[in-house]
Amino acid sequence: MAFTWGVSTAAYQIEGGVGEGGRGLSIWDTFSHEPGRISDGSTGDVACDHFHRYAEDVDLMAGLGIDAYRFSVAWPRIQPDGTGPANATGLDFYDRLVDALLGKGIDPVVTLFHWDLPQALQDKGGWLSRDTAFRFAEYAGLVAAALGDRVRLWITLNEPFVHMTLGYATGEHAPGQTLLFDALPVAHHQLLGHGLAVTALRAQGAAAVAIANNYTPIWPIGEGDVAAAAAYHALHNRLFTDPLLGRGYPELGLDPSVVHAGDLDTIAAPLDALGVNYYNPTGVRAPSTPDSPLPFELVPISGYPTTAFGWPVVPDGLRQLLVSLKEEYGESLPPIHVTESGCAYDGIDDPERVTYLDGHIGAMRSAMASGVDVRGYFVWSLLDNFEWAEGYTKRFGLVHVDYDTQVRTPKTSYAWYRDLIRASR
């Protein structure tokens, strides 16, 4: 099977056009307009204006020579209130985008949920409510009915761990709740939504279905921190993987009444692929105070170069991660696509990004050489964009975006990735 080279984006981060075509409000529309939530005071109201400039962006993808483009559908464009029939105008945008991609020989890879929950559903409890899982499956079926004849791979959820943790446990992301471990029902309801969506997608003839998880190698700082590292590994990596592969939940204190009869079977519906998003390892130690509400403490990893985000650059962490997934799950592990890999650096001439991508692709290839079944690599991201709580202060793109003029300028890394793809064929 041919290896897939691609790029990834997310709807709220690039589309703009938030009040157009019948689109409803998302939790990120609400959150970003609340004072103090976004570091530079910005919103995604315009972002990269991809809603109007998608044809230009598809041309940029064609210039790269990629095989596939991973993008997300904005749920509020399809169901402005999170329920009911599909908004035809919203579906039409994605219909035109998919046709434009196929016209350039690029396969669409569609993510159904990349954190932009309809605000109307949040008002009813969001992912703390079991009903949201069923609403998500309904939405998945609507999108698949419209696009399923042309979509190569469907991804149900993007990084449910990050959405649960930053959105519901610590409050740095929308919807801004600070529930700590009381956010665990969000994990189950997202996974239940995933499983129900798998069924809905297959009912519409979906070619292949996956989920994209954020994974991190866990590095205990000292010998006395192994138990803390195991606890964090269970939360970050195993919570959103064990149930998918039929192992049930790790012991984390999830209220058993949240899990209804049949839920785990629904969640463990067979997958065609597993999306792996990797950025860096995580340093962990035992809590420094006896009254800590958490059984671990996250600490910075030193001794490595860092990105503009301050994240350590550890390419071999990707190899470690991929190999450990294979060792932990064995034959039950589906084929892997690295669905996000990238870094924040400033400048149009960005040799640091070239070095980063070269190292991580090399690490991926090392894992493949040791027997890990990796089928694709998607750079995060095609465009500089609205970087969630960081606003427009962090640039992850292969293409520079001037947010005042919307002028796109391919970076040095764009040309490097284009050349790598050409040479790999």
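What order do the strands of the open sheet of three take, and with what pairing? The order is β6-β8-β9, and the pairing is mixed.

## Ground rules

This is a predicted model, where local features need pLDDT of at least 70, side-chain atom pairs count only at pLDDT 80 or more, and totals for chains, interfaces and linings use all residues. Residues are numbered from 1 along each chain as its sequence is written, and side-chain values use heavy atoms, with hydrogens and water left out.

A word on naming: helices (H or I, at least four residues) and strands (E, at least two) are DSSP runs, numbered from the N terminus.

## The open sheet

Back to that sheet of three, β6-β8-β9. Strands pair here if DSSP finds at least two bridges between them. The edges are β6 (218–220) and β9 (297–299), each pairing on one side only. From one strand to the next, the twist averages 45°. Angles like this run from 0 to 180 degrees between N-to-C directions, using axes that are lines fitted to C-alpha atoms (for helices, over the stretch in contact).

Helix α10 (residues 226–238) packs on this sheet and touches β6, β8 and β9. Contact means heavy atoms within 4.5 Å. The direction of α10 makes about 165° with that of β6. As for β8 (residues 282–285), three bridges join it to β9, and the two run antiparallel. Look at R285 and you'll find its bridge partner in β9, E297.

## The barrel

There's also a closed barrel of eight strands, running β1-β2-β3-β4-β5-β7-β10-β11 with parallel pairing. Its twist averages 25° from one strand to the next. Take β5 (residues 209–215) and β7 (residues 274–278): they run parallel and are joined by four bridges. Y215 sits opposite Y278 of β7.

Helix α13 (residues 351–369) touches β1 (4–8), β7, β10 (336–341) and β11 (374–380), with a direction at about 165° to that of β11. Meanwhile, α9 lies across β3, β4 and β5, and runs at about 165° to β4.

## Helix α7

Helix α7 covers residues 131–147, 17 residues in total. From first C-alpha to last it reaches 25 Å, close to the 24 Å expected at 1.5 Å a residue. That expected span is 1.5 Å times one less than the number of residues.

Which residues of α7 are buried? Among them are T132, R135, F136, Y139, V143 and L147. Buried means under 20% relative accessible area, exposed means over 50%, and partly exposed is in between (1.4 Å probe, protein chains only). The buried residues of α7 pack against α4 (75–78), α5 (88–103), β3 (107–113), α6 (119–122), β4 (153–158) and α9 (184–203).

## S32 and its surroundings

S32 belongs to helix α2 (residues 27–32). At 5% relative accessibility, S32 counts as buried. Its side chain makes a polar contact of 3.0 Å with that of Y12. A polar contact is a pair of N or O atoms within 3.5 Å; within protein, one must be able to donate a hydrogen and the other to accept it, and residues adjacent in sequence count only if both atoms are side-chain atoms.

Setting aside neighbours within four places in sequence, S32 is in contact with Y12, I38, S42, T43, G44 and F386.

## Cysteines without a bond

Searching the whole structure turns up zero disulfides. A disulfide here is a pair of cysteine sulfur atoms within 2.5 Å. C48 is buried at 0% relative accessible area, and C343 is buried at 1%.
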